[in-house]
Amino acid sequence: QEHGQQAFLQRASEQSDLRRYKDDVLPGTPSQGTTRLLVRQLLKCARAAVQKLIFSRQWILMFDLRDSLSVSVREFKRLVPPKHHSWADPHVILRHGFYYIFFEEFTRSTKGHISLIVMDEAGNCSEPERVLERPYHLSYPFVFEWHGDYYLIPETRAEKRIEVYRS
């Protein structure tokens, strides 16, 4: 600020590829580059709006219970949530031959909460069960055992605090 805009631009162009984009991003008289950038951005927004109307983005969970982990995602089995729901950020605990899969569940219109699916060693799963819901967003469930009890720490960044729940 002390040295002015030209000094800043000169230093920035020496340290980066700003020269390539100069016509597209710097204010001033509209140029062909500015027009191209604007049209590109408008097309990108229009495409995103159309895709949102046509396609429903849904996150799923995938697993592979074989001893040797597959290198191909196609070989993984899928756990697919109900329509308009998404499942993400799983944390798995193996206990007494059962996999306890804690994960974030959400829809477009709801904040994330923590749900649980119990799976046996053959891959048979229970129905998802909501285990923790708060008036704010919860995600990334971290589960651990300490002195014989299980604890869950969800991500609660928006609340600017760390919460610990005992099972």
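Start with the open sheet of four strands, ordered S3-S4-S5-S6, where the pairing is antiparallel. A strand here is a DSSP run of E with at least two residues, numbered from the N terminus, and two strands pair if DSSP finds at least two bridges between them. Color strand S3 (85-95) and strand S6 (129-132): they stand at the edges with a single partner strand each, so one side of each has no neighbour in the sheet. Ignoring direction, neighbouring strands of this sheet are turned by 35° against each other on average, using axes that are lines fitted to C-alpha atoms, with angles running from 0 to 180 degrees between N-to-C directions.

A word on what you're looking at: this is a predicted model, where local features need pLDDT of at least 70 and side-chain atom pairs count only at pLDDT 80 or more, while totals for chains, interfaces and linings use all residues. Residues are numbered from 1 along each chain as its sequence is written, and side-chain values use heavy atoms, leaving out hydrogens and water.

Next, select strand S4 (residues 98-107) along with S5: eight bridges join the two, and they run antiparallel. Find Ile101 and look across to S5, where Ile117 stands opposite.

Now move to S7 and S8. They pair in the antiparallel sense over six bridges and form a hairpin with two residues between them. Click on His147 in the turn, which has a positive phi of about 50°. Then pick Val143, whose bridge partner in S8 is Leu152. Leu152 also has a bridge partner in S9, namely Tyr165. S8 and strand S9 (residues 165-166) run antiparallel, joined by two bridges.

Staying in strand S7 (residues 139-146), select Ser139. Is Ser139 buried or exposed? At 2% relative accessibility, Ser139 counts as buried (buried is under 20% relative accessible area, exposed over 50%, partly exposed in between, with a 1.4 Å probe and protein chains only). Leaving aside neighbours within four places in sequence, Ser139 is in contact (heavy atoms within 4.5 Å) with Asp89, Glu104, Ile114, Pro154 and Glu155.

Last stop: select Ile93, Phe102, Ile114, Leu116, Leu132, Tyr136, Leu138, Val143, Tyr150 and Leu152, the 10 residues of the largest nonpolar core. Such a core is a set of buried Ala, Val, Leu, Ile, Met, Phe, Trp, Tyr and Cys residues joined through side-chain atoms within 4.5 Å. Strand S5 (113-120) and strand S8 (149-155) each supply at least two residues of this core. Apart from it lies another core of nine residues, including Phe63, Ile101, Phe103 and Ile117.
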